[in-house]
Amino acid sequence: MSHPSYVPWSDYRSYPEDEMLRRAEEFAAEAARRRTMRDFSPRPVPQEIIAQCLRAAVSAPSGANQQPWRFVAVSDPALKRQIRDAAEAEEREFYGHRAPDEWKRALEPLATNAEKPFLETAPWLIAVFYERFGFDECGNKAKRYYPLESVGIACGLLIAALHHAGLATLTHTPSPMGFLNELLDRPRNEMPYLLMVVGYPEDDCRVPPIERLGFEKVVTFR
């Protein structure tokens, strides 16, 4: 039953079932081409393309419509260098001391290490934050509901939008990521969620020979 204050949804578009299936198949095929990669070209990407992809991201649903996501898109070379230096410092500590052997074995097929040159090479870094809490009109703390889930959905939309636009991405999660608050001048009620690396792949870009789990293994119809 609709709430009395609800308004008509005029943007919904209906399609014949055959058109729905075609659209679904095309999107599934396009999404299946996406790969995470680490060999980025320095070729610039216009800011407006990034902005439009972020518009898609912030259309995501969120708990109680609180929209707890905050995005900071970085293209400044000096700032990207600072982010790389800070991230690599954390990664060296992680690989050298904090990562358990089981986690290191899981990473072996990806051949990753503490060196992250893509943080400088790629034309854009998008730092994603979530609000741990907000503030009401009186300046008092206001609880945020399902902020991690909400921001995760927004990031999924962002990855899909960037891929649809013709860009490659890498979701990078150095741990801890508190340095992003300092470098990007973000308030302490915001927590770093991930650092998305965005740009074009290098001409000779290579990716690990990994496979996705079979559809029947991860999807069940009842």
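Glu190 is buried, with a relative accessible area of 4% (buried means under 20%, with a 1.4 Å probe and protein chains only). This is a predicted model: local features need pLDDT of at least 70, side-chain atom pairs count only at pLDDT 80 or more, and totals for chains, interfaces and linings use all residues. Residues are numbered from 1 along each chain as its sequence is written, and side-chain values use heavy atoms, without hydrogens or water.

**Glu190**
- Glu190 lies in strand S6, residues 190–199 (strands are DSSP E runs of at least two residues, helices H or I runs of at least four, numbered from the N terminus).
- Leaving out residues up to four places away in sequence, Glu190 touches Arg70, Phe129, Tyr130, Glu131 and Asn181 (contact means heavy atoms within 4.5 Å).

**Helices H2 and H6**
- H2 (residues 47–57) and H6 (residues 147–165) pack at about 140 degrees, with axes 8 Å apart (axes are lines fitted to C-alpha atoms over the stretch in contact, and angles run from 0 to 180 degrees between N-to-C directions).
- The two helices, H2 and H6, are therefore oblique to each other (under 35 degrees is roughly parallel, over 145 roughly antiparallel, 65 to 115 roughly perpendicular, the rest oblique).
- H2 contributes Ile49, Ile50, Cys53, Leu54, Ala56 and Ala57 to the contact, and H6 contributes Ala154, Leu157, Leu158, Ala161, Leu162 and Ala165.
- By class, the contact of H2 with H6 has 12 nonpolar, no polar and no charged residues (Ala, Val, Leu, Ile, Met, Phe, Trp, Tyr, Cys and Pro count as nonpolar; Asp, Glu, Lys and Arg as charged; the others, Gly among them, as polar).

**Annotated domain**
- UniProt, in an unreviewed entry, places "domain: Nitroreductase" at residues 32–200 (such annotations may be inferred rather than shown by experiment).
- Over residues 32–200, the chain is 41% helix and 21% strand.

Conventions
Buried < 20%, exposed > 50% of the residue type's maximum accessible area, 1.4 Å probe, protein only.
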